[in-house]
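I opened this entry to note what I looked up, item by item. The sequence and structure come first, my notes after.

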Amino acid sequence: MRICGWVIRRKTIGKIVILEISGDTSSKPHVIALKKEREPELFELARDLPVGTALCFEGELAPVQKSRRGVEYIAKEIKIYSRPLEPLPVDTIGKVPALLDTRIRYRYLLLRNPAEKAIFKIRESILRAAREYFIKNGFMEIQTPKIVAAGAEGGATLFPVKYFEYNAYLSQSPQLYKQMLMSSVPRVYEITPYFRAEKFDTPRHLNESWGIDAEIGFIESEEDVMNVLENLIAYIVDYIRKNNVEELEILGVELKPLTVPFKRITFKEAVDILSSEGVEIPEGEDLTEAAEKKLGEIMASKGYDIFFITRFPWEATGFYYMRNEDGTTRKFDLDYKGLELSSGGQREHRYEKLVEALRDKGLNPEGFKFYLEAFKYGMPPHGGFGLGVERLLVKLLGLSNVREAILFVRDRNRLIP
RNA sequence: GCCGCCGUAGUAUAGCCCGGCCUAGUAUGCGGGCCUGUCGAGCCCGUGACCCGGGUUCAAAUCCCGGCGGCGGCGCCA
C-alpha cells in the first residue's frame with residue numbers, strides 16, 4: 001500500500017522515530033513508527049525529516065495499533081518528494097492556536113491539520129448531500145450567468161464589471177434566471193457564488209459566498225417551498241451524521257438530527273414575541289440583527305432551534321414576492337440558532353401584478369424587460385429559496401465566523417490569497 | 001459609514017492602566033543533547049519580537065498625535 005502526505009508531527013523517543021503523516025483518505029493521520037533495530041536506514045532517514053516534508057511511503061497496516069492518534073502502518077520504504085525550505089509558519093497539529101487572520105492566510109497549509117480539514121470535508125458533504133437530495137426529488141441542476149446586466153433587487157450593491165462596451169455586474173443571486181426557467185423546467189437548483197458589494201465587516205457576511213438555490217413550479221403556496229427546504233436541510237444533517245462520524249468526532253461536535261416539519265411563526269407573531277420581551281420593531285421594517293438573535297434565543301428556549309418566519313410585510317421584501325390581500329407577502333426566512341440561513345417564498349407569476357410590483361418598489365420595468373418577457377408565455381405559480389452554505393456550516397459546527405467556513409475568504413479587506 | 005478593543009519572536013500570549021526594576025517573561029516551534037511507543041510526552045542547552053512615522057520626557061513596549069493592519073458591535077444588506 002502506498003500512502004502519501006505531509007509530515008505533521010515527528011517524535012523521537014530514544015531509538016524510535018514516530019511520524020504522523022496527514023491523511024489523504026481519512027481525516028485522522030497515518031502513523032509510522034521506525035525503530036533503529038528493525039529498520040536502521042529508515043530510522044536514520046526519518047530522524048531528520050522536518051515537519052512539512054512531502055513524502056510517500058510503502059507499507060502495510062500494523063498488526064498492533066499502538067497510536068491513539070491515527071492509523072498505524074509498518075513502513076517498508078519512504079520516498080521524499082519535497083522538504084520545506086523553512087519551518088512552517090503555523091502549527092499543523094493544532095497544539096498552538098492561530099488567530100483567525102493567520103488561519104485565513106495559511107489556510108492551504110492548515111488543511112494538513114485534521115481539525116481544519118474536517119470543516120471542509122463537512123462543507124463538501126453539505127453540497128454532496130444537497131445534490132443527492134435534489135436528484136432524488138427530480139430537480140435539474142442548472143448554471144446561470146455570473147456576469148449580469150441587473151441585480152435581483154435593483155437597490156442592492158453590485159460589483160461593477162467592464163464587459164466590452166457595456167456596464168455589467170457580478171451576479172448577487174440567480175433569482176431572476178431560475179424564475180425564468182420556471183416557464184419550462186419546473187424543478188431546478190443551482191450551487192452558486194453570490195457576489196455582494198456591501199461594505200460589511202461582520203462574522204456573518206462575505207462579499208463572495210456560496211448558496212444552494214432552488215426554484216419549484218406548480219406550487220399551491222410558499223408552504224410547498226418550505227417543505228422542500230426543511231427536508232433538504234434535514235437530509236443534509238442526516239448525511240453528515242452518517243458520513244462524517246470521524247470529522248464530527250475530531251471537531252468535538254455532536255450533531256443532532258432535525259425533525260420535520262420545522263416550527264413556523266408569522267412575521268407578526270415574531271414581532272409580538274419580541275415586543276413582549278421589550279424589543280420593538282417599527283411598522284414595516286425588517287428584523288434587525290439584534291432582534292433576530294434575541295428571537296432565536298426566545299425560540300430556542302421554547303425548544304425550537306430552527307424555525308420559519310413567514311408572511312413578511314411587503315415593505316421589507318423584494319418586488320418579486322407574491323402579495324397577500326392583507327399587505328403581507330409569501331416571503332419566509334429560515335432562522336437557525338439566531339441566524340438567517342435562508343430566505344425564499346412564492347413569487348409573483350402574474351405579468352400585470354409583477355409590473356405593478358416593480359412600480360410600487362420604485363423600479364423601472366424597462367430595466368427588467370428580459371425577465372418580464374418570460375412571464376408572458378404560461379408561467380406557472382412558483383417559488384424558491386436560497387440557502388447560504390457558509391452560514392449553514394457555521395451553525396452546524398458551532399463555528400463563530402463565516403470566514404472559518406470558506407477556504408479562500410473574500411471580505412471587505414481580503415483579495416489575497 | 002459610526003463606535004469599541006487590539007497590534008510584542010514563526011505561532012500564541014504576559015508586561016502597558018501607574019514610564020526607570022524589560023538586558024522584554026511564558027508556551028509552542030526551530031537547532032542541538034538525553035531517552036525503546038510518545039499521545040499537546042519529559043528533562044537540559046541554544047535561538048528569536050515591542051506595526052510604521054512623529055511628539056512628550058533625563059528616560060517610552062508603556063503616555064500623546066497621525067498612518068497602516070486586525071477583531072468585535074452597530075448600520076447597511078436575498
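**Disulfide**

I looked at the handedness of the link between C4 and C56 and found it right-handed, with 110 degrees about the S-S bond. C4 lies in strand β1 (residues 2-13) and C56 in strand β4 (residues 54-61), so the link ties together parts that are 52 residues apart in sequence. The two sulfur atoms are 2.1 Å apart, and a disulfide here is a pair of cysteine sulfur atoms within 2.5 Å. By that rule I count one disulfide. A disulfide is a covalent bond between the sulfur atoms of two cysteines.

I then checked burial, where buried means under 20% relative accessible area, exposed over 50% and partly exposed in between (1.4 Å probe, protein chains only). C56 is buried at 7%, whereas C4 is partly exposed at 24%.

**Basis of the values**

I note that this is a predicted model: local features need pLDDT of at least 70, side-chain atom pairs count only at pLDDT 80 or more, and totals for chains, interfaces and linings use all residues. Residues are numbered from 1 along each chain as its sequence is written, chains are lettered from A and ligands numbered from 1 in the order in which they are written, and side-chain values use heavy atoms, with hydrogens and water left out. Helices (H or I, at least four residues) and strands (E, at least two) are DSSP runs, numbered from the N terminus.

**Helix α8**

In α8 (residues 267-276) I found F267, A270, V271, I273 and L274 buried. Seen down the axis of α8, these residues fall within an arc of 160 degrees (taken from the directions from the helix axis to the C-beta atoms), so they line one face of the helix. The face turned away from the buried side carries the exposed residues K268 and S276. Just after α8, G278 has a positive phi of about 90 degrees.

**RNA strand B**

I counted 48 residues around RNA strand B, the closest being R9, E37, E72, S173 and Y194; a residue is near the strand if one of its heavy atoms lies within 4 Å of it. β1 gives the most to this surface, with four residues.

A polar side-chain atom of K35 lies 3.3 Å from a base oxygen of RNA strand B. A polar backbone atom of G14 is 3.4 Å from a base nitrogen of RNA strand B.

Notes:
Polar contact = N/O pair within 3.5 Å; in protein donor to acceptor, adjacent residues only side chain to side chain.
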